[in-house]
Amino acid sequence: MVKCNMSLVVIPFLLHILWFLMFPHTIQSQGNAFSRQPTSQFIFTPHSLSDSDPEQVHISLVGKDHMRVSWITEEKDTESIVEYGTKEGEYSKKSIGDHTSYNYFLYKSGKIHHVVIGPLNPNTTYFYRCGGSGPEFSLKTPPSKLPIDFVVVGDLGQTEWTKSTLKHIDSKDYDVFLLPGDLSYADSHQPFWDSYGRLVEPYASRRPWMVTEGNHEIETIPIIQPHAFKSYNARWIMPYNESGSTSNLYYSFEVASSHIIMLGSYTDFDAQSKQYKWLQYDLLNIDRNITPWVIVLLHAPWYNTNEAHQGEGESMRQAMEELLYEARVDMVFAGHVHAYERFTQIYDNKHDSCGPLYITIGDGGNREGLALKFKQPQSPLSMYRESSFGHGRLRIVNETHAHWSWHRNNDADAFVADNVWMNSLSNSKECWETLKQQVSHGEL
Ligand SMILES: *[C@@H]1O[C@H](CO)[C@@H](O)[C@H](O)[C@H]1NC(C)=O
Ligand SMILES: *[C@@H]1O[C@H](CO)[C@@H](O)[C@H](O)[C@H]1NC(C)=O
Ligand SMILES: *[C@@H]1O[C@H](CO)[C@@H](O)[C@H](O)[C@H]1NC(C)=O
Ligand SMILES: [Fe+2]
């Protein structure tokens with residue numbers, strides 16, 4: 001039974017017209033510097049349950065052994081409660097949380113519930129139910145020890161391509177999903193956020209989805225909607241408070257020997273900013289004996305040889321690159337550019353075996369299409385680049401070794417188009433020695 005609400009269709013349409021009348025320049029917001037493959041069909045995933053049933057269920061990690069369960073109900077008198085346990089249909093524990101909602105122009109969101117459950121055992125399947133009734137969901141907690149498998153994919157959207165990417169991801173198990181920005185491409189049409197929540201629920205209700213924001217999450221309209229990230233911050237709460245951050249736009253978390261930092265490309269990042277100071281504090285507090293792997297995600301890439309979005313991450317790179325370099329961060333993932341590109345280890349535009357390895361993975365399946373043109377000749381810093389949809393997997397094998405692979409969608413499930421082994425910088429005596437010298441010589 002498809003819920004048929006005319007306002008869902010008509011209001012976004014009117015808003016769209018209004019938008020382009022007010023801001024005609026946004027029609028070609030990506031510019032003409034590069035061509036893209038024809039855009040794929042946008043999918044609207046309708047609401048097919050009753051108004052009191054939980055929908056758009058997704059989970060995210062909170063601290064060492066807790067998980068936040070988030071969902072939405074159309075009906076307002078539903079409870080923010082999660083019952084859970086390790087046996088199907090038997091819920092030995094329950095947690096009560098809170099809820100929020102927001103208005104966006106004429107749109108009113110449903111009741112958005114957030115409930116933190118735990119403590120949970122690592123590497124364990126739990127069965128859970130939201131709101132005291134409705135369908136049962138299950139989740140698996142990540143392991144507390146290595147190995148651990150991350151899936152990484154940005155610019156996901158909600159198209160046929162997105163479906164294909166999610167299907168490929170689902171064909172092989174993993175522990176944690178990492179998304180470096182641009183989720184729904186709702187672009188101010190709020191019902192598309194709900195549609196996105198329904199599309200990803202079968203995946204995001206089973207494994208933690210840890211996300212950071214992209215430009216498509218900003219959603220400001222001058223005068224009418226001055227507050228940025230209204231929908232994103234209401235729907236996708238991440239564990240920022242637990243990591244000492246005061247903003248949902250940047251945070252960190254630790255899981256199985258890895259310290260993961262989610263940065264915000266669309267909030268202040270200069271040396272006086274709160275984000276910068278938080279990043280300094282966060283990096284200083286990493287214990288490489290406990291988390292030898294340090295991984296950063298952000299939206300607008302600092303290194304990019306595609307014609308698309310050239311230079312957009314440059315001011316953030318200039319502000320923050322030195323912090324990451326001094327901390328001997330292992331890898332930096334970005335999205336935004338709708339293609340795949342793997343770089344060598346870099347610091348300040350030069351190969352540096354003590355710098356992070358950079359990867360752009362903005363090829364999830366958004367409706368804008370692929371960024372097809374790369375700059376020629378290929379920079380020696382760029383090791384592999386391709387404009388195809390796909391996803392990445394990072395398997396951290398042990399304290400010293402990790403394996404990265406990029407899986408292209410338009411091949412059989414098992415096809416790995418690019419892959420590389422990495423050594424953790426925590427283990428490199430040379431890099432820590434070099435750092436001491438650089439600091440004592442005043443070079444950093
Ligand atoms: C997680 O559990 C599975 C199955 O119970 C087991 O095979 C695997 O080794 C465990 N992983 C870790 C890291 O403990
Ligand atoms: C935020 O974190 C602090 C310190 O960890 C904690 O005392 C406080 O209860 C947290 N607040 C919320 C709303 O979770
Ligand atoms: C870590 O994994 C790599 C790759 O499988 C292996 O060669 C190496 O011996 C492992 N190191 C330890 C300490 O187990
Ligand atoms: Fe983007």
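Helices (H or I, at least four residues) and strands (E, at least two residues) are DSSP runs, numbered from the N terminus. This is a predicted model, in which local features need pLDDT of at least 70 and side-chain atom pairs count only at pLDDT 80 or more, while totals for chains, interfaces and linings use all residues. Residues are numbered from 1 along each chain as its sequence is written, and chains are lettered from A and ligands numbered from 1 in the order in which they are written.

**Stop 1: a strand residue**

Select Y84, which belongs to strand β3 (residues 81–85). Is Y84 buried or exposed? Y84 counts as buried because 25 C-beta neighbours lie inside 10 Å. The cut-offs are these: a residue is buried if 20 or more other C-beta atoms lie within 10 Å of its own, exposed if 12 or fewer do, and partly exposed in between, with C-beta atoms placed from the backbone.

Next, show what Y84 touches. Leaving out residues up to four places away in sequence, the list is Y91, K93, I117, Y126, F127 and Y128. Contact here means that the C-beta atoms of two residues, placed from the backbone, lie within 7 Å.

**Stop 2**

Colour residues 55–140 as domain 1 and residues 148–440 as domain 2. These bounds come from an automatic or database domain assignment. Taken over C-alpha atoms, the centres of domain 1 and domain 2 are 26 Å apart.

Where the domains meet, 25 residues of domain 1 are in contact with 25 residues of domain 2. On the domain 1 side, the elements giving two or more residues are β1 (55–62), β2 (66–73), β8 (111–117) and β10 (136–140). Which of them gives the most? Strand β1 does, with eight residues. By class, this side of domain 1 has 13 nonpolar, nine polar and three charged residues. Ala, Val, Leu, Ile, Met, Phe, Trp, Tyr, Cys and Pro count as nonpolar, Asp, Glu, Lys and Arg as charged, and the others, Gly among them, as polar.

**Stop 3: two cis peptide bonds**

Go to P119, in the loop between β8 and β9 (125–130). The bond from G118 to P119 is cis, with omega near 0°. Then move to P377, in the loop between β20 (357–361) and β21 (382–386). There the peptide bond from Q376 to P377 is cis, with omega near -10°.

**Stop 4: positive phi**

Select D182, in the loop between β12 (176–179) and α3 (191–204). Its phi is near 70°, a positive value in a residue other than glycine. D182 counts as buried because it has 25 C-beta neighbours inside 10 Å.

F229 is in the loop between β13 (209–211) and α4 (230–235). The phi of F229 is near 60°, again positive in a residue other than glycine. With 19 C-beta neighbours inside 10 Å, F229 counts as partly exposed.

**Stop 5: two ligands**

Which residues are around ligand 1? They are N123, P143, K145 and P147, where a residue is near a molecule if its C-beta atom, placed from the backbone, lies within 6 Å of it. This shell has two nonpolar, one polar and one charged residues.

Finish at ligand 3, surrounded by V397, N398, T400 and H401. The shell around ligand 3 divides into one nonpolar, three polar and no charged residues.
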